[in-house]
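Biologist: I would like to know how the terms used for a model follow from its values. Please set each value against its definition.

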Number of protein chains: 2
Amino acid sequence: MASTPISVVVPKQHRSRVTRERLLRAAIQCLAELGWAGTTMGIIADRAGVSRGASQHHFHTRDELVTAAIEYGTRARLEEIRREASIGAIPRRSRSEAVLDLLVRSSENSLFMAALQLWVAGASDERLRAQLIPLESRVGREVHRLTAELLGVDENQPGVHESIEATLDLVRGLMLANLLRPHPMRSQRVLRQWALMLDAAVAPNARVSMRRTPKKAKTHVRNQGT
Amino acid sequence: MASTPISVVVPKQHRSRVTRERLLRAAIQCLAELGWAGTTMGIIADRAGVSRGASQHHFHTRDELVTAAIEYGTRARLEEIRREASIGAIPRRSRSEAVLDLLVRSSENSLFMAALQLWVAGASDERLRAQLIPLESRVGREVHRLTAELLGVDENQPGVHESIEATLDLVRGLMLANLLRPHPMRSQRVLRQWALMLDAAVAPNARVSMRRTPKKAKTHVRNQGT
């Protein structure tokens, strides 16, 4: 038994999971580097070091594989954020800044690029879009929930839910602004200012919240609209 | 003379400008619909109803044409915003909300999609990226300047410059969130909340500004970083 290769004694179920994860990680890399057009089942299988037959066993279509890859990548990213947060990366003071920093740092890998490639392709590919829309909702809800949890805010407070959604839009927009070349100083300054604005908005008894827009004023603005 | 076709009496210089603008508009449409890979000089010329020879006379390479197209499209967009703002779309009350609304509405056309396609392609195409980086700076400065002007804010005040940059990131991120399908209610709520946060940050004597982060606190956060 001593000379038996390790792979032989690995249970079948575990090997299957390892193969699946290899395919998912390879799909993210391919999308990020080659775009949607360049990402074929064959190329993903080659990168993963998995036979085409085995890859077909796990995922029937490319749409299925890439959708699963983004979901897998996002979950891994959320776990990473959670782990970092648990080891004390979030001080009580300037909590928002630390959370924003975590969100941005964890996006600075091929996952953002892979998702971007996929979303851009999905905008003009009806079938792919139909796969991505439910994925977007699921992933969006999970990212939102974790962000709220890390910020330690009360979502029942007016404006808090929207402030978190705005935060997630801001992070995405910041990643776009850094797509061609990183602007670390700009990013840092924008995030620091955003953290201050967020702190003011989500604090208990926040002065900056949607409660402060009376309905009457809204109508007034609309009427003056054009 | 009465029967002379109008095109014959149009000055040559004017015709040349019209041809150029047709090519620029066609390039935006092609990029938005076909992506970077599908956008060739031939297809753009066909869409513009311009001969290949004439298109070559205006733009030597595809890189040159698409870069000029994004710049042209952005200028047209900024002019449109300026025009709308001048006819009273910006009430004094809730000015931020009106400005945000203008920025988002004016982005809801093929220009954002065209730029996104180009930026994504540029991320993995060295030559294209080299063209896009200076374009990004120029366009970014112009959009920033107009936004500051419409908001009527004082950029010398701490945090104001960063608040505007954050606003532009937010708008980009919001457009990304609406890429696969529009979320008009979500967008409206996010923008309304953001307007309140922005108002609080850019108001004269704002309570939410970077001045409020003493250096000591920053160091404190960093030390607790991990």
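**Two helices in chain A**

Modeller: In chain A, the axes of helix α8 (residues 126-151) and helix α9 (residues 160-177) come within 10 Å and cross at roughly 110 degrees. This is a predicted model: local features need pLDDT of at least 70, side-chain atom pairs count only at pLDDT 80 or more, and totals for chains, interfaces and linings use all residues. Residues are numbered from 1 along each chain as its sequence is written, chains are lettered from A and ligands numbered from 1 in the order in which they are written, and side-chain values use heavy atoms, without hydrogens and water.

Biologist: Why is α8(A) called roughly perpendicular to α9(A)?

Modeller: Angles of 65 to 115 degrees count as roughly perpendicular, under 35 as roughly parallel, over 145 as roughly antiparallel and the rest as oblique. The crossing is at roughly 110 degrees, so α8(A) is roughly perpendicular to α9(A). Such angles run from 0 to 180 degrees between N-to-C directions, with axes fitted to C-alpha atoms over the stretch in contact.

Biologist: Which residues make the contact of α8(A) and α9(A)?

Modeller: A:Val143, A:His144, A:Thr147, A:Ala148 and A:Leu151 belong to α8(A), and A:His161, A:Ile164, A:Glu165 and A:Leu168 to α9(A). Contact means heavy atoms within 4.5 Å. By class there are five nonpolar, three polar and one charged residues. Ala, Val, Leu, Ile, Met, Phe, Trp, Tyr, Cys and Pro count as nonpolar, Asp, Glu, Lys and Arg as charged, and the others, Gly among them, as polar.

**Between the chains**

Biologist: What makes α10(A) roughly perpendicular to α10(B)?

Modeller: The axes of α10(A) and α10(B) come within 10 Å and cross at roughly 110 degrees. That makes α10(A) roughly perpendicular to α10(B). A:Gln193, A:Trp194, A:Met197, A:Leu198 and A:Ala201 in α10(A) meet B:Gln193, B:Trp194, B:Met197, B:Leu198 and B:Ala201 in α10(B). This contact has eight nonpolar, two polar and no charged residues.

Biologist: How many aromatic pairs does the structure hold over all chains?

Modeller: The structure holds one. A:Trp194 and B:Trp194 form the pair, at 4.7 Å centre to centre and 50 degrees between the planes.

Biologist: Why is the pair of A:Trp194 and B:Trp194 called tilted?

Modeller: Rings of Phe, Tyr and Trp (its six-membered ring) pair if their centres lie within 6.5 Å; planes under 30 degrees apart count as stacked, over 60 as edge-to-face and the rest as tilted. The values are 4.7 Å and 50 degrees, so the rings count as a pair and the pair as tilted. A:Trp194 is buried, and B:Trp194 is too.

Biologist: What makes B:Leu24 count as buried?

Modeller: At 2% relative accessibility, B:Leu24 counts as buried. B:Leu24 is in helix α2 (residues 12-38) of chain B. Helices are DSSP runs (H or I, at least four residues), numbered from the N terminus. B:Leu24 and B:Ala68 are 44 residues apart in sequence and 7.0 Å apart in space, C-alpha to C-alpha.

Technical notes. Buried < 20%, exposed > 50% of the residue type's maximum accessible area, 1.4 Å probe, protein only.
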